[in-house]
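The sequence and the structure are shown first, and a description follows.

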Amino acid sequence: THFSDERLQAAIHMLKAEQQQVIVMKYMEDLDNQEIARILRKPIGAIKSLQHRALASLQRILQERK
């Protein structure tokens with residue numbers, strides 16, 4: 001399923017601030033997890049966890065708002 005940029009951006013804005021940060025850094029700024037961890041001063045495991053929760057939340061938001 002493809003979503004419009006507007007729908008995707010609206011869904012991203014519904015995420016918690018930290019989740020928004022990692023999604024933007026990973027998928028829009030194309031940074032790897034190591035760079036994101038360094039920038040946010042968090043362990044890489046925390047970054048992976050944030051990404052996982054953010055993607056799960058995005059999926060839920062997009063499915064609810066079809």
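How many helices and how many strands does the protein have? The protein has 4 helices and 0 strands.

## Overall architecture

The model described here is predicted. Along the sequence, the elements follow the pattern α-α-α-α. The radius of gyration is 12 Å, close to the 11 Å that the globule rule gives for 66 residues, so the protein is as compact as a globular protein of that length. Taken along the principal axes, the box filled by the C-alpha atoms is roughly 35 × 20 × 20 Å.

Among contacts with a separation of 6 or more, 53% are accounted for by residues 24 or more positions apart.

## Surface and charge

Of the 66 residues in the protein, 30% are buried.

Helix H2, which spans residues 17–28, contains Ile23. Is Ile23 buried or exposed? Ile23 has a relative accessible area of 3% and is therefore buried, the cut-off for this class being under 20%. Beyond its neighbours within four places in sequence, Ile23 is in contact with Ile12, Leu15, Met28, Gln51, Ala54, Leu55 and Leu58. Ile23 and Ile47 are separated by 24 residues in sequence, and their C-alpha atoms are 10.0 Å apart in space.

One of the contacts of Ile23 is Gln51, a residue of helix H4. Gln51 counts as buried because its relative accessibility is 7%. With neighbours within four places in sequence left aside, the contacts of Gln51 are Val22, Ile23, Lys26, Asn33 and Ile36.

Ser57 also belongs to helix H4, which covers residues 44–64. At a relative accessible area of 12%, Ser57 is buried. Residues up to four places away in sequence not being counted, Ser57 touches Leu15 and Gln19. Leu15 is likewise among the contacts of Ile23.

## The salt bridge

Side chains of opposite charge can pair when their charged atoms come close. How many salt bridges does a search of the whole structure find? The search finds 1 salt bridge. The partners are Lys42 and Glu18, whose closest N and O atoms are 2.8 Å apart. This pair links distant parts of the chain, 24 residues apart: Lys42 is in the loop between helix H3 (33–40) and H4, whereas Glu18 is in helix H2.

Lys42 is partly exposed, with a relative accessibility of 28%. Glu18 is also partly exposed, with a relative accessible area of 36%.

## Positive phi angles in the loops

Most residues other than glycine have a negative phi. Which value does the phi of Asp30 take? The phi of Asp30 is near 60 degrees, a positive value in a residue other than glycine. Asp30 is placed in the loop between H2 and H3, and its relative accessible area of 65% makes this residue exposed.

Arg41, although not a glycine, has a positive phi of about 55 degrees. This residue lies in the loop between H3 and H4. Arg41 is exposed because its relative accessible area is 77%, and the cut-off for exposed residues is over 50%.

Note on methods: Residues numbered from 1 in each chain as written. Predicted model: local features only at pLDDT ≥ 70, side-chain atom pairs only at ≥ 80, totals over all residues. Heavy atoms only, no water. Helix = DSSP H or I, 4+ residues; strand = E, 2+ residues; numbered from the N terminus. Rg over C-alpha atoms; globule rule 2.2 N^0.38 Å. Buried < 20%, exposed > 50% of the residue type's maximum accessible area, 1.4 Å probe, protein only. Contact = heavy atoms within 4.5 Å. Salt bridge = Lys/Arg side-chain N within 4 Å of Asp/Glu carboxyl O.
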